[in-house]
Amino acid sequence: MSIQTSQVLPRTPRNRPAAAYDLRRVREDFPILRQKVHGKPLVYLDNSATTQKPQVVLDALQHYYTTDNANVHRAVHLLSERATRAYEEARVKVQRFLNAAESREILFVRGTTEAINLVAQAYGRRNLAAGDEIVISYMEHHSNIVPWQILCEQTGAVLRVVPIDDRGELLLDEYRKLLGPRTKLVSIVQLSNVLGTINPVREIIALAHRQGVPVLLDGAQAVAHLPVDVRELDCDFYAFSGHKLYGPTGIGVLYGKAALLEAMPPWQGGGDMIHSVSFEGTTYNVLPYKFEAGTPHICGAIGLGAAIDYVQSLGMGAIAAHEGELLAYATARLAEVPGLRLLGTAERKGGVLSFVLEEPPIAALDVGTQLDHEGVAIRTGHHCCQPLMDRYGLSSAARASLGLYNTREDVDALVAGLLKIVAAETARSRPQQVSSGAAPVYPEAVAATPEEAAEELIELFDFLSDREDRYRYIIDLGDQLLPLPETEKTEANRIYGCQSRVYLIARKRPETDDVVDFLAESDADIVCGLIAILQRVFSGQSARRILAFDVEIFFKRLGLDQHLTLGRRNGLASMVQRIRTLAQQLA
Ligand SMILES: Cc1ncc(COP(=O)(O)O)c(C=O)c1O
């Protein structure tokens, strides 16, 4: 069974009057916010990464699996009919939410990333050839860069990048200049996940359309924070993710104008996307099914529909007004933190506050780790925007991002945490570093074997039962690291995947058979501490013993597997891997 009718919406304004915004009641809708983390009330300020889910979304998911679960579009039985109806109703909810002309213009995908890849492959491969140009901007997320790079490799097309100014605003004059006879597609973020910049997308679209160039908008960050009307914007494609709109993960949307989608070939083959299949040839289903091969994320779509109902019950205008007011408050309060530099100060901004602590310098990873101890959840890293971070000469930044349930008290908790971190850092005396360029000085082994060194550490950690004490001890260990000469901080010595800048060198100790010495350094204190732990266990030991040492069991016994986030454990694993590789080479 295939539903082949498409709901058509008249072109009507959709802005309903917003009810008064009752923040206390809104927060009650989100059970996850009631918890404590590390003994402190949870302050969730990582909404750009993903948003929390209101009870109505959780109920919708539960209801679907409890009462309606069946595959869609396929069977005649009642459950399948109910599941199909709920799935298709969700599509209509998305259509109305975006004010798309027809429900067949709404394709369910996994998220923004898949939506952009779909356009790159299905539209791009059909319509772009060698020398054609795709225009993106400097502030794009990797998911609006890499799919186009792949397309460029496949077709010989070329990527052109619109620069930005220091405030984080697109240079529209440069954009105008980049639009040329070879431009075949523009793909731009509506609201930057690092800078918070709200781009002048109407103007961007109008300029491209003047040259007959279609425009894709990456709405991943915008859709939960601004009213979006794809017909008013006149964008050709619009991509977003359900999980950033208070809905489930694994579901997202690609909106495309029907005429464009009609002309595009399918990008994945399988069940549901066909009209008929024979070995002689296959014909494809109508929109939107042509682009929904296989069993879709039925429950996800239904949950997304519930999330849309929820935000619409609050009113997108009211949400934007609340977050705008909170952004102004947060911007003013962050200015009180000494040495804090805000990234992204565009005239039009959404609730994203990325920053670095420069005086005293404190690595973003350490800021995030210490705020977590205070119950404050923020994001640190490159935010999947490495070219943008390079533009600012940074490898990582901290980011607090606001959602519809955030309060002034949340912002106050963030600022209090930051002030505490800066005060502690200012009071801290750091060990003297040797002058840069000096020959490396390697530490002596702390025990006869890695096992003995490990036992000593395990005993010490057993003694420190409190999480905070262990953290402090790790930081103190890191403070005692012997420094790595500046000349060794090269690309070849860099280790990626550690959420900070890490360099590591090793040598076979002169006049020994296979004794390995190593030195490493990071710009993050917590990583320096982890390096110090590895150094105590491995440095000055024989390569054979290093390779025989069971590091997994050691980390478990140390309790590091519980105390470190997965990302940091992966970073630790990358360092261990490098040490083992070097030990193998030097043995
Ligand atoms: C601007 C922007 N685009 C695209 C994405 C990718 O979204 P997803 O990982 O949900 O596909 C993100 C995610 O953070 C984003 O912020």
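Here is a quick tour of this predicted model, from overall build down to one helix pair and the ligand shell. Local features need pLDDT of at least 70 and side-chain atom pairs count only at pLDDT 80 or more, while totals for chains, interfaces and linings use all residues. Residues are numbered from 1 along each chain as its sequence is written.

Let's start with the whole protein. Its C-alpha trace spans about 80 × 60 × 55 Å along the principal axes.

The domains, with bounds from an automatic or database assignment, are:

| Domain | Residues |
|---|---|
| domain 1 | 46–313 |
| domain 2 | 316–427 |
| domain 3 | 450–586 |

The C-alpha centres of domain 1 and domain 3 sit 43 Å apart.

Now the helix pair. Helix 16 (residues 467–479) packs on helix 17 (residues 525–538) at about 75°, with axes 7 Å apart (axes are lines fitted to C-alpha atoms over the stretch in contact; angles run from 0 to 180 degrees between N-to-C directions). The two helices are therefore roughly perpendicular (65 to 115 degrees).

Finally, the ligand has 13 residues around it, and Gly111, Thr113, Asn193, Ala220 and Ser241 come nearest (near means a C-beta atom, placed from the backbone, within 6 Å).

How values were computed:
Helix = DSSP H or I, 4+ residues; strand = E, 2+ residues; numbered from the N terminus. Parallel < 35°, antiparallel > 145°, perpendicular 65-115°, else oblique.
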